[in-house]
Amino acid sequence: MTPDDVTAATSARRDEIATGLRLARERVAAAEIDAGRPPGSVGLVVVTKTFPVADVQVLAELGVTHVGENRDQEAAPKAVTLAELGAADLTWHFIGQLQTNKARSVATYAGVVESVDRPRLATALDRAAGIAGVELPCLIQVSLDDEPGRGGAEPDAVPALADAIAGSAHLLLRGVMAVAPMPGDPDLAFGRLASIAERLRSQHPDATTVSAGMSGDLEAAVRHGATHVRLGSAILGYRPPVR
Ligand SMILES: *Cc1c(COP(=O)(O)O)cnc(C)c1O
């Protein structure tokens, strides 16, 4: 995909995205107030998976600086195209399950990998970051549903994984990320995440990021200390289910 292939968003789509973004920011601001947290203390990552480059361009023009993607095959060409279009201020958060053979690619464009969930992946990312000549901020994705296989480290495995990341030459341990199990009580899940995050900080004081909350449950995440939320459909609209 080159910039020439990108069809600019229609003005109707621009309006739709601007409205979605404004409403989402209002929702986050209200959640901060309800949780007794300082205004502006919760960051926003707009999850752009499945949406076209033109939408990301509109987001960048509207002042969005953090975007999230969950598949390398999709994210890599989007990141390159947006850079060529001049959207240089975007930080790309990789938020999906990641195979070790994709680490090389991800390290070339990701500003944060939020989904580090096993030591082998940390090793691959460390090597990839070294080759790319970057220091790569990482979050540990924690599994909150006691059901293996959907990505995320078991809570018991977090301390050892944290030590592995922190001890890597080219990785920076920044905190945790989680998805609340569905169905389930998001307050329970994010409460659990908060205590895992607190334990992590006692060993790794710089690991202060808590990435939690999506379009359906951001209020619960903000109540339990999320430092940024990851919103897709609330801003960009309906996303056809993948697979
Ligand atoms: C898709 C996705 C989101 C955004 O979900 P919405 O419900 O559209 O807000 C957030 N986090 C992860 C890990 C995702 O895969």
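**Exercise 1.** Find which element gives the largest share of the lining of the second largest pocket.

*Solution.* Start with the ground rules: this is a predicted model, where local features need pLDDT of at least 70, side-chain atom pairs count only at pLDDT 80 or more, and totals for chains, interfaces and linings use all residues. Residues are numbered from 1 along each chain as its sequence is written, and side-chain values use heavy atoms, leaving out hydrogens and water.

Step 1: a pocket is an open set of points on a 1 Å grid over the protein atoms alone, where a 1.4 Å probe fits, with protein on both sides within 12 Å along at least five of seven lines; lining residues have an atom within 4 Å of a point.

Step 2: the second largest pocket holds about 170 Å³ of space, the volume being the space filled by probe spheres set on points joined across faces, edges and corners. Its lining has 13 residues, with V45, H66, H93, V112 and H228 closest to the centre.

Step 3: β1 (43-47), β3 (91-94) and β5 (136-141) each give two or more residues; strands are DSSP runs of E, at least two residues, numbered from the N terminus. The largest share, 3 residues, belongs to β1.

**Exercise 2.** Decide whether Q141 is buried or exposed, and list its contacts.

*Solution.* Step 1: locate Q141 in strand β5.

Step 2: Q141 is buried because its relative accessibility is 8%, with buried meaning under 20% and exposed over 50% (1.4 Å probe, protein chains only).

Step 3: leaving out residues up to four places away in sequence, Q141 touches E114, S115, V116, D117, G151, G152, A153, M177 and V179, a contact being heavy atoms within 4.5 Å.

Terms used
Helices (H or I, at least four residues) and strands (E, at least two) are DSSP runs, numbered from the N terminus.
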